[in-house]
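This report concerns the packing of helices in the structure shown below.

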Amino acid sequence: MAALLILIHLATLLNSSLAVRKLLGTQTNIGTEFIRTSCGTTTDPGLCMTTFSGYASEIQASPKLLARTALSVSLNTTRSASTVIVKLSKSHGLKPKEIAAIRDCLEELKDSVDELKRACDEMGSGGGKSFELRMSDIQTWVSAALTDEDTCMDGFSGKYINGNLKTTVRRQIVKVAHLISIALAFVSHYAAHP
């Protein structure tokens, strides 16, 4: 009799475990499809899917969570790019124009970090301002961060800049700019369809 009760209990646990797994799988599939559809509207769908598909189970089909995640990822990627460029600035044999370009770029990245941090903080806040005003502020800060990346690259456009240095900085800044552009698209979509 006790063995039969144990078997019934185990069968019940197994069924509920399978149901939970199925539910989680469905939620991940919904999230993945939502991210795929959302990424299809961005300037770089491939980078978008690669970057955000790992967040599918958390994002589900929430434009707000997708926008918040995109802002956070953009902020972290901008910080990482800044770290790489700081290391480059310590390279030996840099010419004065290269040092100046790196210094200017780091200043632009610092501004981007500040603007993206403000956008992330505002996205997480709920009080005070109206939704429309909060979204407008966030869009302004994200747009400014995107402009900062373009300005950073301007300093590396001259023929006096080492090709390897230019390539390394460009690789970092292009990724940051694409992610910020994606974040801006997601924030704008959320602002229009809350």
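## Helix packing around α6

In this predicted model, helix α6 buries Phe 131, Arg 134, Met 135, Asp 137, Ile 138, Trp 141, Val 142, Ala 145, Asp 148, Glu 149, Cys 152 and Met 153. These buried residues of α6 pack against α4, α5 and α7 (163–192). Helix α6 itself covers residues 131–154, a run of 24 residues. From its first C-alpha to its last, α6 reaches 35 Å, close to the 34 Å expected at 1.5 Å a residue.

Two packed helices are described by the angle between their axes and the distance between the axes. The table gives these values for two helix pairs.

| Helix pair | Angle between axes | Distance between axes |
|---|---|---|
| α4 and α5 | about 160° | 9 Å |
| α5 and α7 | about 20° | 13 Å |

Helix α4 spans residues 63–89 and α5 spans residues 96–124. Their angle of about 160° makes α4 roughly antiparallel to α5, since angles over 145 degrees count as such. The crossing of α4 past α5 is left-handed. Its contact residues comprise 16 nonpolar, seven polar and four charged.

For α5 and α7, the angle of about 20° lies under 35 degrees, and the two helices are therefore roughly parallel to each other. Their crossing is left-handed. On the α5 side, the contact is made by Glu 98, Ile 102, Cys 105, Leu 109, Leu 116 and Met 123. Helix α7 contributes Leu 165, Val 169, Ile 173, Ile 180 and Tyr 190. The residues of this contact of α5 with α7 divide into 10 nonpolar, no polar and one charged.

Key. Residues numbered from 1 in each chain as written. Predicted model: local features only at pLDDT ≥ 70, side-chain atom pairs only at ≥ 80, totals over all residues. Heavy atoms only, no water. Axes fitted to C-alpha atoms, helices over the stretch in contact; angles between N-to-C directions. Helix = DSSP H or I, 4+ residues; strand = E, 2+ residues; numbered from the N terminus. Parallel < 35°, antiparallel > 145°, perpendicular 65-115°, else oblique. Left-handed = near helix turned anticlockwise from the far one by under 90°. Nonpolar A, V, L, I, M, F, W, Y, C, P; charged D, E, K, R; others polar. Expected span 1.5 Å × (residues − 1). Buried < 20%, exposed > 50% of the residue type's maximum accessible area, 1.4 Å probe, protein only. Contact = heavy atoms within 4.5 Å.
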